[in-house]
Amino acid sequence: MINQKRIHDILHELGKTQLIAVTKYVGYEEIDALLNEGINHFGENRVSVFLDKYQHYVGQDIHWHFIGHLQSKKAKKMIHYIDYLHSLESLSLAGEIQKRRIEPLKCFLEVNISEETQKYGLNQENVIDFFHKIKDYDKIDVVGLMGMATHTDDTDRIQRQFQVLLDLKSQFKSQFSIDMALSMGMSNDYQIALSMGSDYLRIGSLLYKEEN
Ligand SMILES: *Cc1c(COP(=O)(O)O)cnc(C)c1O
């Protein structure tokens, strides 16, 4: 079940920031209810689940965001059907997109801002170099930077980690005159992300009612 009150509160706080409702925990009932609230940007992180949901809603006005780690060998099954990829971080995946896509795909470069080694994402010092390597790929439209902060109550720490994305954004602006959008903020830290100028929030658990 969706948490209507909380969703209305979040929608009021958004301003021009885009809400991506992360639906990886839920099924068609919740997605239908979200559509009824006027939400039509959805985020999924597993290829097979995404494909099922995509097929269920095919033809409807929905923007699909793939937010999870994507192995290049799994990309060919689904790469045509997504509107945004938030987790571009490998050259092999970039090559696969370049080979398979007909229209350019809007991609965010995923940056490991938490510096936890088990997390995916480019190290911050490699982001510009990675961008150089893929910037002639005409099927990849780099629209922004994505990062996941550590799950913690320590606001300063979350701010420091989001600041890495802001610093990279200004580097792209000064070196390439490119305006990178920021995909940052989840249930735990979306208010911090909003206050720091996030363009895309990826919110899941907060949108749903806990089962009793
Ligand atoms: C699951 C997930 C989210 C949403 O997480 P919540 O804490 O449930 O809001 C956001 N981004 C990514 C990459 C995720 O995998």
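Modeller: By relative accessible area, buried is under 20%, exposed over 50% and partly exposed in between (1.4 Å probe, protein chains only). Ser-177 is exposed at 59%. This is a predicted model, in which local features need pLDDT of at least 70 and side-chain atom pairs pLDDT 80 or more, while totals for chains, interfaces and linings use all residues. Residues are numbered from 1 along each chain as its sequence is written, and side-chain values use heavy atoms, without hydrogens or water.

Ser-177 is not a glycine, yet has a positive phi of about 55 degrees. Ser-177 sits in the loop between α7 (155–176) and β7 (181–183); helices (H or I, at least four residues) and strands (E, at least two) are DSSP runs numbered from the N terminus.

Now the pockets. The largest pocket has a volume of about 470 Å³, and 24 residues line it (an atom within 4 Å of a grid point). Lys-24, Ile-67, Met-148, Met-186 and Arg-202 lie nearest the centre of the largest pocket. Its lining divides into nine nonpolar, 10 polar and five charged residues.

The second largest pocket holds about 150 Å³ of space. Its lining includes Asn-45, Arg-46, Phe-66 and His-69. Both α3 (47–56) and α4 (72–78) supply at least two residues to the lining of the second largest pocket. Val-47 and Ser-48 are among its lining residues, as are Lys-74 and Lys-77. By class, that lining has three nonpolar, four polar and three charged residues.

Technical notes. 1 Å grid on protein atoms, 1.4 Å probe; cavity = no way out; pocket = protein on both sides within 12 Å on 5 of 7 lines; lining within 4 Å. Points joined across faces, edges and corners; volume = space filled by probe spheres on them. Nonpolar A, V, L, I, M, F, W, Y, C, P; charged D, E, K, R; others polar.
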